[in-house]
Amino acid sequence: MLSCSSVFQRVAFMLMAPKLKPQRLHQIAETGAEQLVKKARTMTAESSMKDAFSTYADYLNNFNEKRERVVKASRDITMNSKKVIFQVHRLSKDNKEEVLEKAGKDLEAVRDQHFARLMRELQGTDFWKLRRAYSPGVQEYVEAATFYKFCLSGTLCTLDDINATLVPLSDPSLEPLQINILDYILGLADLTGELMRMAIGRISDGEIEFAQRICQFVRQIHRELMLVVPKMDDSYDMKSKMEVMLQSVIKIENACFSVHVRGSEYIPLLGDDAPTSYLLGAADVE
């Protein structure tokens, strides 16, 4: 049993201990509740942030995978468009119809197979985000299409003509992929290099008049683009191509001038019954 002294000591200790006021107890209760609320909010915010980052990660992964597929399609378009250009360069006096028919089928295959695959990847998305990934292939396709059209009819294949051939490949329910004016102009600038090579080859085969027609055509393209390039916003690539285009114009002019002045030293004289141009008619290009 406890002694009376120990009992009194415990009572005195309890009386001397500080007492918490009811207001203080209420504050402690509120503080504990606020901490629980803040903790719950923090957990909710962390969960929402994790969900957001997971969504962004999935978007970036899908975007990068799409970009790789677009780059692959662009490379296939570039490779097969070059084959069309090489096919057109096989033109000679005896195989015009055969070579152009084969080139036309190859160009159609590039459009129906590889370009259609590119369009399926880009339809329904913001294809401007991936322009740098597929632009080289589009430029090469424009170069092949315009080169083929010029050798076939002596005319320029316009942007509307090219885009009209792409419309059937698009899903009617989605916005169709159309070649933009910048990629068309860049491809058109590359066309002049192929025309320069063809002009030099035609001169060596005695097709002087056709080489002169090419010279006039290339000079006209260069003159028109000289008015457009200064007004372009993204003209870095175009300015470098304009320098190469000018070199092509100079080479064609020098070759035509040399043949005109000293033609008998470069090529054999053509007979009166020799065709002046086996690729174009006299009335095809003015």
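Predicted model: local features only at pLDDT ≥ 70, side-chain atom pairs only at ≥ 80, totals over all residues.
Reader: What share of the residues is buried?

Author: Of the 286 residues in the chain, 40% are buried. The chain exposes about 18000 Å², and carbon and sulfur atoms supply 57% of that area.

Reader: And the contacts with a separation of 6 or more: what percentage comes from residues 24 or more positions apart?

Author: Such residues account for 78% of those contacts.

Reader: Turning to cavities, how many of 30 Å³ or more does the structure hold?

Author: The structure holds one. About 60 Å³ of space lies in the largest cavity.

Reader: Which residues line the largest cavity?

Author: The lining consists of Phe115, Phe127, Trp128, Tyr134, Val138, Leu177, Gln178, Ile179, Asn180 and Asp183.

Reader: How do the residues of that lining divide into nonpolar, polar and charged?

Author: Seven are nonpolar, two are polar and one is charged.

Reader: A change of topic: where is Thr78 placed?

Author: Thr78 lies in helix α2, which covers residues 22–88.

Reader: Is Thr78 buried or exposed, and why?

Author: Thr78 is buried, because its relative accessible area is 18% and buried means under 20%.

Reader: Which residues is Thr78 in contact with, leaving aside its neighbours within four places in sequence?

Author: With those neighbours left aside, Thr78 is in contact with Pro136, Gly137 and Glu140.

Notes:
Residues numbered from 1 in each chain as written. Heavy atoms only, no water. 1 Å grid on protein atoms, 1.4 Å probe; cavity = no way out; pocket = protein on both sides within 12 Å on 5 of 7 lines; lining within 4 Å. Points joined across faces, edges and corners; volume = space filled by probe spheres on them. Nonpolar A, V, L, I, M, F, W, Y, C, P; charged D, E, K, R; others polar. Helix = DSSP H or I, 4+ residues; strand = E, 2+ residues; numbered from the N terminus. Buried < 20%, exposed > 50% of the residue type's maximum accessible area, 1.4 Å probe, protein only. Contact = heavy atoms within 4.5 Å. Areas by Shrake-Rupley, 256 points an atom, 1.4 Å probe, with all protein chains shown as cover.
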